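The stops below follow its aromatic rings.

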Amino acid sequence: MRGRVTAGAVVAAALFTAVLAAQTQITPSSADLAQKNFLPIGPPSPLPVSKVPDLSGDWALGLGGIGQSLSAADPGGRMRGKEPDIPYKPWALAYTMAQVPPTGPDAKFETNTDPAIHYCEPLGLGRIYMYPAKTKFIQTSDAVYILHELGPAFRVVWLNAKHPDDPDPQYWGHSVGWYENGDTLVVDTIGVNDKSWLDQLGHPHTESLHFIERYKRVDDKTLQLDMTVDDPGAYTAPWPGKRNFAKSTTGFMRFMWVCSVRDNNEHYEKVGAAGNTGATTFK
């Protein structure tokens, strides 16, 4: 019948409105964004003397390496909002708890608020390592190129370089790098926009994000990644993340892992809609 509005449609509309409100109203204040970073930004001076570690090979996330949260204390995401190692500012905690994750213990795919799923935006720093896709490093004298099957995406880490004074915010930011101890590549990134999540659970960051990664070649088959989130706009202190990689022999880029709004819609209609009686389209 024309003009008829079902109860399910009303529920769906209210839910979507709530999601939009959560995304637009829970934001950092100007005082939050004015805070200085906790850690020094950029390469040390002088640079440490180091051999160049061999990062060659195809690297897949190791056992227990995928996870849901960037939190080193709670990689499975079972303590969302109560992680002992994430020092939230009030708005960042409120934002995290307002999000509906697509995976993990609190997942509700049919009503998720994930920007990567809704808009196919890049996963970004940290979260790129929350999926079972491989990574490859191409090392040259002036840059290290980090290639991701997922996206597919690549990042440029400039060696023997400095950050620009006022970088334009981008999804991957501006990265500089250097080697330490003959076995580690350090990547220092600023100039990141605030559109991505740090992980599957909706942990936010601001344009003040300073993200540090240390890729350590442990042995021939193992690569260890230690991450540090230094974002005074969202958190009251730096906090850590960790992932491990194992060398893969299945080949890099055997399949194109591309985000597609068309595919997301199809997946929602076939899988997600069955669990959501209130909505008929993927918002």
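Start by selecting Tyr-95, which is buried at 13% relative accessibility; buried means under 20% relative accessible area, exposed over 50% and partly exposed in between, with a 1.4 Å probe and protein chains only. This is a predicted model, in which local features need pLDDT of at least 70 and side-chain atom pairs count only at pLDDT 80 or more, while totals for chains, interfaces and linings use all residues. Residues are numbered from 1 along each chain as its sequence is written, and side-chain values use heavy atoms, with hydrogens and water left out.

Next, select Tyr-131 and Trp-257. Their ring centres are 6.1 Å apart and their planes stand at 85°, so the pair is edge-to-face. Rings of Phe, Tyr and Trp (its six-membered ring) pair if their centres lie within 6.5 Å; planes under 30 degrees apart count as stacked, over 60 as edge-to-face and the rest as tilted. Tyr-131 sits in the loop between helix H4 (115-119) and strand E2 (135-139), and Trp-257 in strand E11 (residues 257-258), so the pair ties together parts 126 residues apart in sequence. Helices (H or I, at least four residues) and strands (E, at least two) are DSSP runs, numbered from the N terminus. Colour the two by accessibility: Tyr-131 is buried at 18%, whereas Trp-257 is partly exposed at 34%.

Trp-91 is buried, with a relative accessible area of 11%.

Finally, select Tyr-129, Phe-137, Tyr-215 and Phe-245, which form one aromatic cluster. By the pairing rule, the count is seven aromatic pairs.
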